[in-house]
Amino acid sequence: MKEMIKMVVVLSLICSLSGLTLASVRGVTKPFIEEQVLTYVQGPAIKKVYTGNDNNPVRDRKTFTLKDGAELTVFPFLKGSRLGGVAFESHGRGYGGEIGVMVGFSYDPASDMADVSGIGITTMKETPGVGSRVNDPEFGEQFKNHPFKGMALKSAGGDISAVAGATISSTGTVDAVKTAIATFNEIKGEFSSTWGSQEQP
Amino acid sequence: MNRLWKEFSKGLWNELPPFKVVLGLCPVLAVTKTADNGFGMGLAVIFVLTLSNMLVSSVRKVIPAKVRIACFIVIAASLVVCVELLMQAFAYPLYQQLGIFVPLIVVNCIILGRAEAFASKNPITYAIADGLGMGIGFAMSLTVLGAIREIFGYGTLFGVQILGSWFKPFTFMVEAPGAFVCLGLGLAGMNALTNWQRRLKGLDAIEGPKHDCASCGMCNIK
Amino acid sequence: MIATSILVLFGIGFTAAVILAAASKVLYVYEDPRIAQVEAVLAGANCGGCGFPGCNAAAVGVVAGKAGSDVCVIGGPAVMANVAKVMGLELTEMEPKLAFVDCTGGERAEDVYLYEGVQDCRAQHQLYKGSKMCPEGCLGFGTCVRACPFDAIRMGPNGYPVVNPERCVACGSCAIVCPRNVISINGFTDDITHLNEINDCLAPCRQRCPGQINIPRYIEQASRGDYAGALETIRERIPMPLSIGRVCPRPCETECRRQHVEAPVGINMIKRYVADWEMNSGQRLPISCKPDNGRKVAIVGGGPAGISCAFYLRRLGYRPTIFELMPKLGGQLRYGIPEYRLPKEVLNWEIQGILDLGIGVRVQIKFGRDFTVKTLAEEGFEATFLAFGAWANAQIPIEGDDARGIASGTEFLTKVGLGVETGIGKKVVVIGGGNTAIDAARTSIRFGADVTMVYRRSRNEMPANDEEIADAEEEGVKYQFLAAPNRFIKDKQGRVTHLEYTQMKLGKPDASGRRRPVPIKGSEHLIECDTVYMAIGQKPEIECLYDTRGGCPLETTRWRTVEANPATLQTAIPNVFVGGDLFTGPDLVITALGAGRKAARSIHQYLTTGHIEVPDNLQRTMIPYTIFKDVERVAPIERTQMPHLHHGEERTCTFVEVEGAISDDEFKKETCRCMRCGLTCYNRTEPLQEEVSETSKNM
Amino acid sequence: MDYFVLIIAAIFVNNIVLAQYLGNCPFIGTSKETGVAMGMGFAVVFVATMAAAITWVVQRFLLVPNDLGYLQTIAFILVIASLVQFVEMFLKKAIPPLYKSLGIFLPLITTNCAVLGIAIICQRKQFSLLETVVFSIASGVGFLLALVVLAAIRERLEMARIPQSIQGTPIALILAGLMSLAFFAFKGMTS
């Protein structure tokens, strides 16, 4: 019995020690990791949805609080110091689960003109070879510089061709973009105050 | 000092893993697509192996025999999580490349094998020397293997194009089959070298390296 | 966040430990605590050499009694001592074992077909049982070499594997893979208790020798100058090389393949040379014995069989005691074989060496009168070996055989051996044609008598050795062949004066293949004599086996020998064994020595396991395919003649040994004559390879 | 997701050993005899499935709610090590025949990267509990298949004429490479 108690104590103690160490390490590294994750996980998608900027959208990111209280990280595209567009992630329901879509917008605060500049799939669990083809360029290209109007599948009266045999996945993607447009419209007023007035060298 | 050097240097050639002692094959196969992947994995292993040897050696006297292995695993696992966090924070692309093989360092037999066979029986300085030597040897092997596969598979080395445009990469080399065959040929080459040396000394040739996982009797199940 | 982290990990660790602790209580299966203790002292290499999968399984095996304290093959004595301590076992000395390659053929054995397939013995063996002409020999692809986990086997220069005793741990991996059973794992006990099996590599001489001596090996050792090694090889099978080197009628030489070249190898003279070398060197070679295990075995009869049995039992660790009726040990060697063939000094020296190993002796004690099997058991003897020989003389009940002056040949020889008055006269007739008859005749010559041997068949049928017959003739013994004794004529004092015999002629061969003598009517003759020695055969005296009520628990045969299992020599009483002439009837000394070893083997197995193992492939007769006459490509070398120390007249009045030792040069020459035969192979003067390569070129 | 596709993918397309490089030490170490290979293979199927299911629960109900995803590795290995030891004790008590055939392999599985690997893959792919179970059984079967096939080939190879330097582990690896090449063909099936 005594031996068992010793066993339990030693093992628990070592585990706690390790927990303490790891938590400390985690605390120190957390900000670095977040930055790295954004750079390398969302970075490529962000790059894909907008061209022509000369800033680092990840470094210039800002977090907005939406009406329903959720937080949203928005990545701005600046040219010189002028805001040319933004990108953020949005979600829609697919066949196998949520589909994460990075939606880019070209936006001119002065004229308040906005289009979808492109989309990139960040996360999805669609059936390989079928639903997963929403990630194919043929499908994604359709969103390039697409106006807000007509953002729906052809079957729903829009002008986006669904991926053959993967209506649900296609719908999910389009839904995510639509949600993003709604969110965009909700917060676009804050963009120019956040980035637009910046006059930096 | 002499012994210290001996414990350190044995991992660099005489007991070079995985060629001389066949330990920890999975990462060797999985992460040697390119030289820098192999090098990165090697660094991670050096870190974990050295520290785990150090820690195991320093606590070897207070741990009850029954939970010995469990404690070694916890120590190794904590170090691996540290590596995971550090890698995510400072070398995220590498972390992505190595994938699940970073957490799997914890079950690499080289870690537990050295802990059980060496660190739990030797003083801390030697344990560190052993871990460092073995780790560096392992990293060397991974880098060399990665370099070979990268040159033939992509025509590049550490990401730099070294073979001209005439070169048509063997995709085989960077896929799973190439990994197995490369490692097999590597081992065979190492055996041939050992046998050649033995023959020069007038000794008889020996057959392949023997598994040396002191913590596991897997190879002898009959 | 730090707090939750600590808490969660603490929780997991604690839960795991508690569940395991609880489980080890709840799910507790009684496991002998000794398993863990044994495992802790094992080498821990999980090498598998012991035949168990890993050290844990080996520990379980030890505790279950499936393995002894010597389970760990690589741990050595220290580990064994520890295991024995844990198990409370008596520390039985670990008998070192080694892989043993039983093939000397290798490249010498001829190929029956040319093989170009996979270089692996097992693969080739599947194709017509291998390419070698020899069905048991090594195929030479080194499958055993590859199987050895300890790198202890190499292919030797002669095409068969050679074991490095320094590295071999007797794990048995090589023996498992060998498709021809060429390799076995042998220890000291196996070495001295092995009986010839038909798939051993047995040269014809080895098959024929009743003592099963490994003749080619000791000759090979002797030829290298390793006399001690040669003697050790001989002593694996018989304890008395000095005596047998002098008296053996050499059945082995009748099978020697060399006789098809010119003459058989002088096997026995080689044996005698090395044995003499030991005696003359002034010191005895050490004879390895296992430590005394305190178990007592009684040996009744101190002749060759008894001495041999005692010798091997002692070497196996037992405590044998020899019970002898006569004042000294030796049996027929002492009391049957005359001084001039085997000097008593030599015999004494040899027997003393054997007794010095720690064998008890009680002389002048008669079985059946002074002690019985029952009293032996009461005294703590766990087994008994009966080998009191065949000392009763066969009689021909003819008229006048009660006359004075008529005695048996053995009686006469015994009296000579004891050194008492023999009552020999001037004109001696010896009846019989065997070695005892010749010994009696030649001994009589040395007492100055005029000797005639009367034998009812012709010279060719005489069972005695040709050389002995010639020697006797040389010494002046007259022969009267084809003479069947009719009656003895005695004088008034009752002393024999004449022997009347009928002349015979040879008729048709009888069951024994010898031509049956048929009397010629009216051809009675008289030979004058005052002493007659009858040497027409002996039988065991088995009266002593009967108890006072005339009952005998042992079965006897119509030849008055004791019935027993010929392979084990075990009688109807399980712990009583017989051997020697008592079992076979009068036979050779070498047969008795062989029987002694066989009995020792049986007793050892009976006392250790309660069961005597009889391999079903025991070699009982000559193996037919090993007997062939076309011995080619061997250059003739003349056989050495045994030198006689003195000649003719001089010889007849001395008991000094007749045959002398061969010279060193002759010895070297003779050892070189041995062709080191295997089952079908032998050393050719011209190598065989050329032929093979030639035929392959032609193909 | 379609379970059939999941199973086929796990056994053939993404074979745990030949395509994912997991569990190579036992793959080389226990592939000398088919009998041993079978035992090891079944033990892995059994343990991997249980481990994946339990770690799924741990991840979902312990780590994620507390935002401790980074402790995944250490938590999983602790769970697996205890589980294996527990299973060993349980089998010994409750089902001795099964213990006899699988028991000797269990301790070796603690440090088998296939088991931990399967558990982690299930988390990374965010499988549901049922998917986790199906995937880990299929992966285990893939391991069993590869192991038994390699063992069968190596048994045949026992008698082959192999250059000395390539005997043993090197030839086993080269064989594994060829098998992997064969399995590579399945890649074309689903995409």
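Guide: A residue is buried if 20 or more other C-beta atoms lie within 10 Å of its own, exposed if 12 or fewer, and partly exposed in between, with C-beta atoms placed from the backbone. By this count, 39% of the 201 residues of chain A are buried. The model is predicted, so local features need pLDDT of at least 70 and side-chain atom pairs count only at pLDDT 80 or more, while totals for chains, interfaces and linings use all residues. Residues are numbered from 1 along each chain as its sequence is written, and chains are lettered from A and ligands numbered from 1 in the order in which they are written.

Visitor: What makes up the pattern of chain A along the sequence?

Guide: Helices (H or I, at least four residues) and strands (E, at least two) are DSSP runs, numbered from the N terminus. Chain A has 4 helices and 6 strands, in the order α-β-β-β-β-β-α-β-α-α.

Visitor: What makes a set of residues a nonpolar core?

Guide: The set must consist of buried Ala, Val, Leu, Ile, Met, Phe, Trp, Tyr and Cys residues joined through C-beta atoms within 7 Å. The largest such core has 162 residues, among which Leu11(A), Ala76(B) and Val115(D) touch the most other members. Helix H4 (residues 68-90) of chain B gives the largest share, 17 residues. A second, separate core of 113 residues includes Cys148(C) and Leu342(C).

Visitor: Which residues does Leu11(A) touch?

Guide: Contact requires C-beta atoms, placed from the backbone, within 7 Å. Leaving aside residues up to four places away in sequence, Leu11(A) touches Val67(B), Ala70(B), Cys71(B), Gly13(C), Ala16(C) and Ala17(C).

Visitor: Why is strand E11 of chain C called largely enclosed?

Guide: Of the 5 residues of E11(C) (residues 427-431), 4 are buried, so the strand is largely enclosed by the rest of the structure.

Visitor: How do you know that E11(C) pairs with E12(C)?

Guide: Two strands pair if DSSP finds at least two bridges between them. E11(C) and E12(C) (residues 450-454) share 5 bridges in the parallel sense, and Val430(C) stands opposite Met453(C). The chain passes from E11(C) through helix H20 (residues 435-446) of chain C to E12(C) in a right-handed β-α-β crossover; right-handed means that, with the strands pointing away from the viewer, the path from the first strand over the helix to the second runs clockwise. E11(C) also pairs with strand E17 (residues 531-534) of chain C, in the parallel sense over 4 bridges, where Val429(C) has Val532(C) as its bridge partner.

How values were computed
Contact = placed C-beta atoms within 7 Å.
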